[in-house]
Amino acid sequence: MEYNFRVTELFPKEVSIVGSDLIPLNCPGLPHLGPQTVRDRMSQILETMGRASAEAQQLHSVITNTEKLRTSVDQKIYFMCDFSSNQVIGLLKIGKKKLFMFDLSGTQHEFSPMCILDFYVHESRQRQGCGKYLFENVMREEGIPVEHFAIDRPSDKLLNFLRKHYNLAKIIPQVNNFVIFDGFFNSRSDYA
Ligand code: ACO
């Protein structure tokens, strides 16, 4: 996804974080562009990438756009860029959700795990390791292991991805749209 501005002015690193203020963390261009221009440019990226992600997943409506991020204070998006071609090539949106989850014994727990809400790599870059690179960045930054995430309606591609890179295959059945794997309830302090 190319833009008529330099993405290096918005993003400090190849993988950068944007929250509900729509200003990338440590945005290099903020002092000379000002917050409104940064937000306008971020909005272009959000709309383009959000639409592409929804199309790739054949969703009826877009799940990532400017308005949805602006009004979701507990969500953030990791964007992956290729600075040499001035392209934004992927996004991974995460956020905490209050959920009722069953463990393997069938006991229900109410808590707010970190969830994978949207994950997309541009078609021209898929199956080249970009998704893994982005995902590893998220886990490192958040300090959360892969098995502790709940995943909102994962596509077959994402299920394949998790099986291939992280050996996640054993699903703990739920009654909501979230998928969790064996290990989800192990060694975590955020539920009773
Ligand atoms: N068919 C089957 N498996 C696939 C495909 C595909 N077309 N694309 C990626 N995968 C899985 C495979 O396990 C693949 O390994 P393989 O090529 O050896 O078979 C592995 O992912 C590749 O790993 P990466 O290159 O690191 O991943 P990639 O950069 O392709 O990113 C992602 C993975 C994000 C799932 C990407 O394929 C994508 O954007 N797909 C379309 C949108 C989508 O389905 N997103 C997830 C929606 S669900 C949600 O967001 C909660």
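Which helices and strands each supply at least two residues of the shell around the ligand?

## The shell

They are strand S6 (114-121), helix H4 (130-142), strand S7 (150-152) and helix H5 (156-166); helices (H or I, at least four residues) and strands (E, at least two) are DSSP runs, numbered from the N terminus. H5 gives the most, with six residues.

This is a predicted model, where local features need pLDDT of at least 70 and side-chain atom pairs count only at pLDDT 80 or more, while totals for chains, interfaces and linings use all residues. Residues are numbered from 1 along each chain as its sequence is written, and side-chain values use heavy atoms, with hydrogens and water left out.

## Who touches the ligand

In total, 25 residues surround the ligand, each with a heavy atom within 4 Å of it. The closest are Phe-119, Gly-129, Gly-131, Ser-155 and Lys-164.

Now the polar contacts (pairs of N or O atoms within 3.5 Å). For Asn-160, a side-chain N or O atom sits 3.1 Å from a ligand nitrogen atom.

## Overall build

The protein has five helices and nine strands. Its C-alpha atoms fill a box of roughly 55 × 30 × 30 Å along the principal axes.

Terms used: Polar contact = N/O pair within 3.5 Å; in protein donor to acceptor, adjacent residues only side chain to side chain.
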